Amino acid sequence: MAEQSGDTFPRLLLHQAQVRPDRPAIREKDLGIWQTWSWAQVAGEARSLACGLAAQGFRRGERLAIIGDNRPRLYWAMMAAQALGGVPVPLYQDAVAAELVFVLQDAEIGFAVVEDQEQVDKLLEILPQCPRLKHIFFDDPRGLRHYTQTELMSVEKLQAAGREFAQRNPKFFADEIEKGRPSDIAVILYTSGTTGHPKGVSQTYAAVIETARVLVAFDGFAEKDDILCYLPMAWVGDFLYSYAQVHIAGFCLNCPESPDTVMTDLREIGPTYYFGPPRVYENILTQVMIRIEDASWLKRRMFHYFMGVAKRAGMKILEGRKVPLKDRVLYKLGELLVYGPLKNVLGMSRLRVAYTGGEAIGPDLFDFYRSIGINLKQLYGMTETCVTVCMHSSGDVKLETVGRPLPGVEVRIAESGEVLVRSPGVMKEYYKRPDATREAIDAEGFFHTGDAGYFDPDGHLKIIDRAKDVGKLVDGTLFAPKYLENKLKYFPYIKEAVCFGHQRDKVCAFINIDMAAMGNWAEKRNLPYSGYADLASQPAVCDLVRECVDKVNRDLAGDPVLGNSQICRFIVLHKELDADDGELTRTRKVRRGHIGEKYAVLVDALYSDKTSCFIETQVRFEDGRAGMVSADLKIVKAKTYSVADAKQAA
Amino acid sequence: MTTDRKIGAPILEIDNISLAFGGVVALQAVSFDVREHEIRAIIGPNGAGKSSLLNVINGVYHPQQGTVAFKGRKRHNVDPHEAARQGIARTFQNIALFRGMTVLDNLMTGRNLKMKCNFLQQAVYWGAARREELEHRAKVETVIDFLEIQNVRKTPVGRLPYGLQKRVELGRALAAEPELLLLDEPMAGMNMEEKQDMSRFILDVNDQLGATIVLIEHDMSVVMDLSDRVVVLDYGRKIADGTPDEVRNNKDVIDAYLGVAH
């Protein structure tokens, strides 16, 4: 239920404080007890903070840096800055001091509200490089008693000063809010930027509020909902899901006790609405699996049996499809014995909607959550579009896609395959970077995402790769290397994969086995091996990898656009790709170009009709010494499927 | 938590203590004092009598000779629980926690001496007993917050890694709101990072809670960084006493640690 009053966040805050003054607005676990602030109290806190900032000389249009974990006072600082016509600039709390310098200088920050000693220390360290920074307010005074810097003041003191100021100027706060316009900048969010300096994305109230209204209506959020805010405040998702939606729907924001207690807090709060990148879901699943392996025989058997039932019937039941009566009954029993208690432990009992996004999610992971009845959905978007581009709607969910464009969002696929977006949520500009803004937003107002994708026959958008990495085979088929590599890497036995095919007649791949998973597999089969290279060269291992590749190919054959980019031939590499050898980036992304050059012999062999190839490569050991490894690698031919057959089968 | 750290008058005076177990002499005429709000280290080679000395201070052993005065009052053969009541808390060289109980419950045991309601009242958990329990829990929560162990609050102690167990044990001692805290090798067996964390907590306890600390430690760099004054024992005798710098350059200390050429 979206309410139509208020076109800036401060006005929405006053509106909520009037409509539901006693409803909980924000909770924080402090000294072991959940403390609640009602909407009326939150408005009061924001008011005293705003008045305090004004008394300290914070002016309209000025920017306020906010650094720390998700804490109520930091959210109030955002509200306060906006009430004064200022712009909050939330920053990543784990950034090192040197990384903060650029943003503090770029955004000309004069005031900062930070969480604790750690952040204060960082700011004091870079103070000489940021001469404009004159005021640092801290929430948690621990360890700061002996700090005498004149820049420092506690938020508590600031609020006390604010209350005094408000008594002298009772109309000040309301007057300042009255001056706000929907076209004002609501927030500047710095994007990490893989190359060069981060860019500040300026979003207006109109853009954020309109987008948030669409989202609130889409999943029907209302005041009874609860969300746990545990993702960084500097990330657009937190701003939109926690801050903006709460202002519109009036539900409650819950701040975890500390970053380490998120799992416990989740269980205590039992949110109805949850967002996490795939790795969070993966961590939760891993923990569940570890604990199940340690559980008693009976529990283990029950878990595995009912997970089988869930796999068969769970997703169909969630999507309202037909399921045999027997499975339906068994699923009910499973809910009672396994899924229910499991969801309770994970804090997911009350969950109505869970989202994931940011990167592709593995099928096993996605299916696990959906099969136990958690409505996990994917979405697609970026800081520049207020996240919101596409989203699965409940009951219309497909693993491979990110759903249909949301109401009000126009998505167009460029000639090059790049996804273009025009929506009310597209940013106003990159802060102080007109050149970059012009590059990103074209004359018609479409934002160039830099991602490549296409629409499937159902109208769902499928994102396949970064646009600059997508190539074409000689027959014109789209070739999306990362998409293929990800598909391969979903198999536990495959650690890395590198696909080649741009301007070639077919797709070939290098594959790295996962030493832990494959070693385990070999041991279970009494397959002796001496080390990585030996294991990788075992015929049985090659067969296993070929089965994986076959499965990927069969899957691809059903894809109308990428169907012809099946992997024809591959090599199981004799050494692990390593960042020390320059084959991976430090964040473990494959450097496709470099690998292609380094192993040119192998690539040539893949595209010839040889069945094996000798290679000698230099490796660098961890102590810095270099050595040579050589191997005679077998080139394996994978089974490919015709696209037409797959269509008939489907 | 607002005491400013000013080293004051002696809070603990140990005068001419001798302790023997049958024919084995553990301590021989040891005298020194501990001033209010200071961090006082006791060091010495294995078997020097360090733990025995702590045991004398909190009443586990009763010395054959000499006196211990706490806050100006001479004590005669106190029991450990009396020492605890007077404001002396300690941790142990080998962790002495209830392994099957949660962190929270272990810390609550640190409040035991301050509970006034009897067993029956507590079992009924009504009125005064309830109020008291809530008060103690609130106090324990400040300790949990202080030591940053919120994430293991409900975890059984036996499941925690060693370094964290040490921290929980410190927490239990802090829950008693001691004036004098005795730490027996708080950093034994820890890795570098755990030692750094523990050092920070010890300094914070001293600085923010204002507790006086007597600490036994083997890691010399830790001792030299943390303590205000150091006592050195060797074969039950005090061989040096002074600031870390004085002790470091003392010839007897060097001989005791490195051995003497015969």
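## A residue of the main core

Leaving aside neighbours within four places in sequence, Ile511(A) is in contact with Leu488(A), Ile494(A), Ala497(A), Val545(A), Phe570(A), Val572(A) and Leu573(A), where two residues are in contact if their C-beta atoms, placed from the backbone, lie within 7 Å. Ile511(A) is also, together with Ile66(A), Ala80(A) and Ile567(A), one of the residues that touch the most other members of the largest nonpolar core, which has 191 residues. Apart from this core lies another, of 65 residues, including Ala48(B), Val103(B), Leu215(B) and Leu226(B).

A nonpolar core is here a set of buried Ala, Val, Leu, Ile, Met, Phe, Trp, Tyr and Cys residues joined through C-beta atoms within 7 Å. A residue is buried if 20 or more other C-beta atoms lie within 10 Å of its own, exposed if 12 or fewer, and partly exposed in between, with C-beta atoms placed from the backbone. In soluble globular proteins, nonpolar side chains tend to be buried together.

## Basis and confidence of the model

This is a predicted model, in which local features need pLDDT of at least 70 and side-chain atom pairs count only at pLDDT 80 or more, while totals for chains, interfaces and linings use all residues. Residues are numbered from 1 along each chain as its sequence is written, and chains are lettered from A and ligands numbered from 1 in the order in which they are written.

The predictor gives the complex an ipTM of 0.80 and a pTM of 0.86. Chain B averages a pLDDT of 89, with 97% of its residues scoring at least 70, pLDDT being the predictor's confidence in each residue, from 0 to 100.

## The two chains

Chain A has 22 helices and 28 strands, whereas the secondary structure of chain B comes to 10 helices and 10 strands; helices (H or I, at least four residues) and strands (E, at least two) are DSSP runs, numbered from the N terminus. For the 650 residues of chain A, a compact globule would have a radius of gyration near 26 Å, and the 27 Å of chain A agrees with this. For chain B, with 262 residues, the corresponding value would be near 18 Å, and its 19 Å agrees as well. The radius of gyration is taken over C-alpha atoms, and the globule rule is 2.2 Å times the number of residues to the power 0.38.

Along the principal axes, the C-alpha atoms of chain A fill a box of roughly 85 × 60 × 50 Å, and those of chain B a box of roughly 70 × 40 × 40 Å. Buried residues make up 45% of chain A and 37% of chain B. Among contacts between residues at least 6 apart in sequence, 64% in chain A join residues at least 24 apart; in chain B, residues 24 or more positions apart account for 69% of the contacts with a separation of 6 or more.

## The contact between the chains

The contact takes 6 residues from chain A and 8 residues from chain B. The side of chain A that touches chain B has 1 nonpolar, 3 polar and 2 charged residues, where Ala, Val, Leu, Ile, Met, Phe, Trp, Tyr, Cys and Pro count as nonpolar, Asp, Glu, Lys and Arg as charged, and the others, Gly among them, as polar.

## Covered elements of chain A

Helix H16 (residues 481–489) of chain A has 8 of its 9 residues buried, so it is largely enclosed by the rest of the structure. The buried residues of H16(A) include Tyr483(A), Lys487(A) and Leu488(A), and Leu488(A) is one of the contacts of Ile511(A).

Strand S4 (residues 87–91) of chain A is mostly covered, with 5 of its 5 residues buried: Val87(A), Val89(A) and Leu91(A) lie on one side, Pro88(A) and Pro90(A) on the other. Strand S3 (residues 63–67) of chain A runs parallel to S4(A) and is joined to it by 5 bridges, with Arg63(A) opposite Val87(A); two strands pair if DSSP finds at least two bridges between them.

## Individual residues

Arg466(A) lies in strand S21 (residues 461–466) of chain A and is partly exposed, with 16 other C-beta atoms within 10 Å. Not counting residues up to four places away in sequence, Arg466(A) touches Gly450(A), Asp451(A) and Ala452(A), and its C-alpha atom is separated by 9.6 Å from that of Tyr483(A), 17 residues apart along the chain.

Glu108(A), in the loop between helix H4 (97–106) and strand S5 (111–114) of chain A, has a positive phi near 50 degrees in a residue other than glycine, and is partly exposed with 14 other C-beta atoms within 10 Å. His37(B), in the loop between strand S2 (24–35) and strand S3 (39–43) of chain B, has a positive phi of about 70 degrees although it is not a glycine; with 20 C-beta neighbours inside 10 Å, His37(B) counts as buried.
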